[in-house]
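Please read it with the coordinates open beside you.

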Amino acid sequence: MLAEMFLAAFTITAFGVMLAARMRNMQTFFGLMQMAIMPMLFLSGAMFPLANLPSWLHLLTVINPMTYAVDPMRHAVFSHLDVPAQVNAVLNPGVRWFDFQVPVGLELGVVALLGAVLLGVGIAQFRRTE
């Protein structure tokens, strides 16, 4: 769980570094981060389960990168809980690409790859501004 939280924090920080490289005003950065992070947090499944969502909202959760950081943590928590299968299916549905249930390892790989790409873009943008 700690490693999953570290990976999520790394990716969110890399996203912030990428945005900060273009900002000239600190207040603009804070507003933009809140405008970007809050919807991602609400659509990730961190606040509510992702089961039984309308199709348009399900599409937004699937393209949300934070969903792939939250879902492994949800799996880690529910693997240590003794809940009925119906409750587990509603509260811990996982991420699906059409009929394919995305495994936790692939989700963590997506988050790690995205974090590395975002950090690389941020570093390249900082080099250009100098």
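1. Basis of the note. This is a predicted model, in which local features need pLDDT of at least 70 and side-chain atom pairs count only at pLDDT 80 or more, whereas totals for chains, interfaces and linings use all residues. Residues are numbered from 1 along each chain as its sequence is written, and side-chain values use heavy atoms, with hydrogens and water left out.

2. Overall fold. The protein chain has 6 helices and 2 strands, and their order along the sequence is α-α-α-α-α-β-β-α; here helices (H or I, at least four residues) and strands (E, at least two) are DSSP runs numbered from the N terminus. The C-alpha trace spans about 55 × 25 × 25 Å along its principal axes. Of the 130 residues in the protein chain, 33% are buried, where buried means under 20% relative accessible area, exposed over 50% and partly exposed in between, with a 1.4 Å probe and protein chains only. Among contacts (heavy atoms within 4.5 Å) between residues at least 6 apart in sequence, 64% join residues at least 24 apart.

3. Packing of α1 on α2. Helix α1 (residues 2-20) packs against helix α2 (residues 26-42) at an angle of about 135 degrees, and their axes are 11 Å apart; axes are lines fitted to C-alpha atoms, for helices over the stretch in contact, and angles run from 0 to 180 degrees between N-to-C directions. The two helices are therefore oblique to each other, given that angles under 35 degrees count as roughly parallel, over 145 as roughly antiparallel, 65 to 115 as roughly perpendicular and the rest as oblique. On the α1 side the contact is made by Ile 12, Phe 15, Gly 16, Leu 19 and Ala 20, and on the α2 side by Phe 29, Leu 32, Met 33, Ala 36 and Ile 37. By class, this contact of α1 with α2 has 9 nonpolar, 1 polar and no charged residues, with Ala, Val, Leu, Ile, Met, Phe, Trp, Tyr, Cys and Pro counted as nonpolar, Asp, Glu, Lys and Arg as charged, and the others, Gly among them, as polar.

4. Packing of α1 on α4. Between α1 and helix α4 (residues 67-78) the angle is about 170 degrees, with the axes 9 Å apart, and α1 and α4 are therefore roughly antiparallel to each other. Glu 4, Met 5 and Ala 8 of α1 meet Ala 69, Pro 72, Met 73 and Ala 76 of α4 in this contact, whose residues divide into 6 nonpolar, no polar and 1 charged.

5. Nonpolar cores. The largest nonpolar core has 12 residues in all, including Phe 15, Leu 19, Phe 29, Met 33, Val 70 and Leu 118; such a core is a set of buried Ala, Val, Leu, Ile, Met, Phe, Trp, Tyr and Cys residues joined through side-chain atoms within 4.5 Å. The elements that give two or more residues to this core are α1 and α2, and α2 supplies the largest share, 5 residues. Apart from this core lies another, of 9 residues, among them Val 62, Tyr 68, Met 73 and Val 102.

6. The loop residue Leu 50. Leu 50 sits in the loop between α2 and α3 (55-63), yet Leu 50 is buried, with a relative accessible area of 14%. Not counting residues up to four places away in sequence, Leu 50 touches Leu 43, Ser 44, Gly 45, Thr 61, Thr 67 and Pro 93. Leu 50 and Val 95, 45 residues apart in sequence, are 8.4 Å apart in space, C-alpha to C-alpha.
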